[in-house]
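Hello,

Here is the structure I promised to pass on to you. Please have a look at it first, and then read on for my notes on what turned up in it.

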Amino acid sequence: METISENQITILAGETGSGKTTQIPQFLYEAGYGERGLIGITEPRRVAAISMSKRVAHEMNLPTDVVSYLIRYEGNVTDRTKIKFMTDGVLLKEIEVDFLLSKYSCVILDEAHERSVYTDILMGLLSRIVRLRAKRGTNSLRLIIMSATLRVCDFTENRKLFLDTPPVINIDSRQYPVTVHFSKTTPADYLREAFLKTVKIHTRLPEGGILIFLTGQKEVNTMVRKLRKLFPPVSSTDGTADGKRTPDAAADDRAEEDEEFDNILRGKKARKKASSTKKRKNPSLTIPRLPQIDLDAYELPHADDTEADLHEDDHSSDSELDEDGLDGGDDEANLLDGGDLAEDLGISQLKRNQPLWVLPLYSMLPPDKQQRIFKPPPEGSRLCVVATNVAETSLTIPDIKYVVDSGRQKTKLYDKTTGVTAFVVTFTSKASANQRAGRAGRVAPGHCYRLYSSAVFNDEFVDFAPPEVQQKPVDGLVLQMKCMGIDKVVNFPFPSPPDREQLVGAEQRLLQLEALEEITTRTTLKGGTGESRTQTITRVTELGRTMAAFPVAPRFGKILALSHQHALLPYAICLVAALSVQEVLEEVGLTEEDTSESSKLWRQKRKAWAGTGESLLLGDPMILLKAVGAAEHANSKGNLEAFCTENGIRLKAIKEIRKLRVQLTNEVNANLRDMSLTVDPDMPPPTVTQMRLLRQLLLIGMTDRIARKLPESEIKVKADVRRLRHAYNLPMIDEPVFLHAGSVLRKELPEWVCFQEAFETTVSIGEVGESKTFIRGITAIEPEWLPKFVPNVCNIVDVLEEPQPPTYNATNDTIECYVKATIGKTSWPLPAALVEMPRNMQRCKYLLKFFLSGSIFKKLKPFRKSLLSSPDSVLKQYSASVPRIDAALKVLLANEVYNAARFSELWNVDSKFFLQEYREFLPVSCHDDVARWWPPKK
DNA sequence: CTCTCCCTT
């Protein structure tokens with residue numbers, strides 16, 4: 001507390017489990033920080049904010065209106081709140097309203113080592129806010145950064161972030177020691193290794209839960225199935241492993257399990273035979289093959305370092321090993337290779353073992369199934385959790401003694417220039433590996449088995465995963481920062497700055513969306529030479545501010561900002577909410593046949609939901625609208641859960657969508673007067689007109705996600721015809737892309753589409769893997785919409801006089817014209833379309849024409865017959881050599897006059913604006929008359 | 001004829 005009171009910023013270093021999150025707020029409260037303002041603590045996850053607030057309230061024996069939490073959709077904060085736990089994004093939103101955070105006496109950034117985008121930004125902002133508050137003197141702010149020990153140098157060694165290195169206080173960890181065991185080698189087939197290691201631990205090592213880290217949901221499910229077959233679960237009071245299994249089914253499983261295990265043994269023999277015959281018969285056929293992950297062909301292990309581990313446990317004089325009859329010196333390879341007798345022995349050996357209680361764990365698993373890891377396993381069973389990265393930080397499983405770490409994780413990567421995403425399995429970082437190991441030492445000393453060598457760990461594992469802000473597009477973040485008045489995002493004191501390319505890309509996309517505009521300023525250089533330098537910066541537009549007010553991605557913010565017509569808002573809100581929530585619909589027919597019946601049904605339902613005509617053209621987003629509508633209807637009848645399971649809809653997603661609809665509806669009501677929208681659980685389906693408008697709105701949001709069907713005439717090589725028959729092209733990428741098979745428009749193959757996501761994946765074609773790019777979330781669009789609704793991504797080649805010459809539209813105060821336009825770097829032609837004329841020299845010419853003819857300001861009509869140059873002559877090629885025309889155009893262009901409104905603006909500043917230029921078009925006799933009428937606005 | 005780690009306003 002002394003250090004904190006004497007320093008503006010303090011760094012607290014301690015591992016998870018050191019109790020700092022619960023202790024420090026209490027110390028601060030007791031030291032009186034609660035009387036000078038709020039004590040705020042940010043967490044990167046909602047659950048953490050809620051559970052920490054409850055725990056601290058309990059420990060301090062204070063009510064929850066004093067120790068409270070605030071997350072996106074809910075909270076229990078009151079006027080009496082002194083300690084406030086919140087998600088990091090919530091505090092960032094508060095800074096937008098109150099930059100100095102004047103309500104707070106102290107802010108704690110918890111889990112700073114996780115380097116979440118919002119925590120990073122908060123750190124940058126708070127480093128400055130603390131200084132500003134100190135300058136004001138009266139009510140200084142304390143900042144405490146809590147981080148895992150290893151990563152504090154990220155913050156202390158950053159000169160831009162903190163002027164003086166803040167003091168670092170180390171807190172002792174409460175962890176028990178974990179013995180780490182590396183493998184001698186690093187096999188590519190980590191699934192197989194994980195399986196074998198788990199079998200060994202379970203059959204040979206003392207009791208204690210096992211936690212296996214794999215990369216994805218599919219892997220987890222396969223592993224769970226394999227382990228359950230080998231070690232069948234026993235019934236418990238609250239049902240068996242999957243909660244539904246009957247004793248009969250369990251018996252069937254046991255029969256299968258025998259077969260399974262036989263296969264494991266035979267697998268080895270069969271393969272040996274195959275390889276030896278191959279060698280004899282055809283020695284040249286030794287094509288190297290990519291390692292195939294095949295859990296059905298497991299063989300039992302070759303020599304590895306588990307022997308050493310066993311010896312280690314031998315020394316700890318555990319009697320279980322002897323009971324098993326497999327003492328440390330026994331070579332299992334011998335045992336299992338030694339003929340049928342040994343084979344039987346091996347099987348019975350495993351059968352006599354205690355049951356294994358195998359549970360899957362991944363983020364998308366329904367919450368009730370996730371909860372099972374917290375319940376004790378059935379009496380006499382050993383707990384074994386097969387998990388993805390959720391178990392690394394988000395969920396802590398009790399009673400884990402053994403961790404099996406594949407050393408891999410799946411990461412989503414974004415192509416900086418194309419925006420194409422890909423999921424890639426990579427080695428984790430050293431920090432992650434240590435975090436995973438730590439999960440074995442929460443209740444007692446534990447062991448971590450790493451399925452990779454120490455050499456690979458040292459040489460190939462990076463120290464830390466790159467911070468999130470360097471991994472993801474920063475569009476939303478840039479917009480949010482610009483709204484806070486940070487014009488030069490490059491200069492922001494990021495703990496780790498996003499790379500230049502990423503920032504430039506984000507600005508470009510925001511310019512396309514018209515959330516930002518370019519401002520060119522001219523500054524005269526010092527030195528009296530009169531030299532000047534132009535500088536272009538981007539700044540938020542009015543539209544940009546409206547977009548940013550909505551807590552969704554900028555593209556979706558724009559859709560909402562433009563939906564204030566034709567009673568579209570309820571649909572736009574529902575659509576944006578559904579598109580913002582990930583994984584609403586469960587995948588259909590993707591995995592094995594076990595779900596074929598229900599998945600066939602789901603597919604039919606979705607096809608029916610898609611409808612025909614405009615509805616079908618709205619495509620996959622239409623399915624979402626219908627799914628949400630139907631789910632809410634089912635909910636009002638009280639059978640939401642059944643409806644979700646029947647239709648392959650994620651219950652959690654539906655609940656999230658509902659909350660988001662409420663939040664967005666409130667935001668709309670707050671910003672638009674005369675709006676009192678409600679969330680209607682029985683929203684009627686959109687009309688045909690509304691569906692068409694929704695397609696246009698989607699296109700406007702998806703400016704950078706447009707694709708065109710590759711015409712067959714453009715397929716040059718005959719051999720490619722089959723491969724490229726259903727291919728699409730993106731405007732800026734050469735590689736073909738394909739409609740994802742899950743899309744309802746899959747068979748329709750519309751000429752032009754916009755999409756929600758493009759991702760690359762490796763598809764196995766025969767024996768080899770080939771990378772292929774798919775687009776999903778498809779909506780059909782009409783090409784003539786492109787120049788009209790997304791002019792910023794089109795190239796306008798020519799203004800057309802046919803079918804109709806350009807006209808002045810008085811209602812919108814714009815000039816409209818038909819244009820010939822193209823899109824993409826290879827200039828795909830677009831049909832002629834009626835658009836607002838681009839704001840350039842040509843626009844000025846037409847404006848001048850309409851100005852002279854009196855179509856813009858009626859008061860000038862009487863002068864028309866006296867004009868010395870006709871309105872149409874302005875458009876002629878020779879006009880540049882007519883001085884009065886040339887002079888007028890130069891003035892208009894220099895002052896960016898493209899419509900009547902701009903004239904009015906300028907007349908407010910200078911009422912004589914354009915008077916002289918106009919008089920040049922008239923004989924001297926009219927000049928006095930004109931001056932009397934000037935300015936000619938109403 | 002086919003994907004998906006984890007989070008957040």
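**A buried arginine and its partner**

Let me start with one side chain: that of Arg 115 makes a polar contact with the side chain of Asp 154, at 2.7 Å. Please keep in mind that this is a predicted model. Arg 115 sits in the loop between strand 5 (104–109) and helix 6 (117–136). Is Arg 115 buried or exposed? With a relative accessible area of 0%, Arg 115 is buried. Leaving aside neighbours within four places in sequence, the residues in contact with Arg 115 are Asp 120, Arg 151, Asp 154, Phe 155, Pro 467, Glu 468, Pro 495 and Ser 496.

**The chain as a whole**

Stepping back, chain A has 36 helices and 28 strands. Of its 938 residues, 49% are buried. Among the contacts in chain A with a separation of 6 or more, 70% are between residues 24 or more positions apart.

Leu 92 belongs to helix 5 (residues 88–97), where Asp 88, Val 90, Leu 91, Glu 94 and Ile 95 are buried along with it. The buried residues of helix 5 pack against strand 2 (38–43), strand 3 (67–70), strand 4 (83–87), strand 5, helix 6 and helix 19 (475–483).

**How helix 23 meets helix 26**

Helix 23 also packs with helix 26 (residues 620–636), at an angle of about 100° and with the axes 9 Å apart. The two helices are therefore roughly perpendicular. From helix 23, the contact is made by Tyr 571, Cys 574, Leu 575, Ala 578 and Leu 579, while helix 26 brings Pro 621, Leu 624, Leu 625 and Val 628. The residues of this contact are nine nonpolar, no polar and no charged.

Phe 914 lies in the loop between helix 34 (900–909) and helix 35 (915–919), and at 2% relative accessibility it counts as buried. Its phi is positive, about 70°, although Phe 914 is not a glycine. Not counting residues up to four places away in sequence, Phe 914 touches Leu 848, Phe 851, Ala 888, Val 891, Leu 892, Phe 903 and Trp 934.

Trp 934 leads on to another detail: the peptide bond from Trp 934 to Pro 935 is cis, with omega near -10°. Pro 935 is in the segment after helix 36 (924–933). The peptide bond from Glu 802 to Pro 803 is cis too, with omega near -5°, and Pro 803 is in the loop between strand 25 (794–800) and strand 26 (807–809).

Finally, the loop between strand 20 (733–739) and strand 21 (752–754) holds His 740. His 740 is buried, with a relative accessible area of 17%, and touches Glu 587, Arg 746, Phe 759, Phe 774, Ile 775 and Arg 776, not counting residues up to four places away in sequence. Leu 749 is found in the loop between strand 20 and strand 21 as well, and its phi is near 45°, a positive value in a residue other than glycine.

Best wishes

Notes
Residues numbered from 1 in each chain as written. Chains lettered and ligands numbered in written order. Predicted model: local features only at pLDDT ≥ 70, side-chain atom pairs only at ≥ 80, totals over all residues. Heavy atoms only, no water. Contact = heavy atoms within 4.5 Å. Axes fitted to C-alpha atoms, helices over the stretch in contact; angles between N-to-C directions. Helix = DSSP H or I, 4+ residues; strand = E, 2+ residues; numbered from the N terminus. Parallel < 35°, antiparallel > 145°, perpendicular 65-115°, else oblique. Nonpolar A, V, L, I, M, F, W, Y, C, P; charged D, E, K, R; others polar. Buried < 20%, exposed > 50% of the residue type's maximum accessible area, 1.4 Å probe, protein only. Polar contact = N/O pair within 3.5 Å; in protein donor to acceptor, adjacent residues only side chain to side chain.
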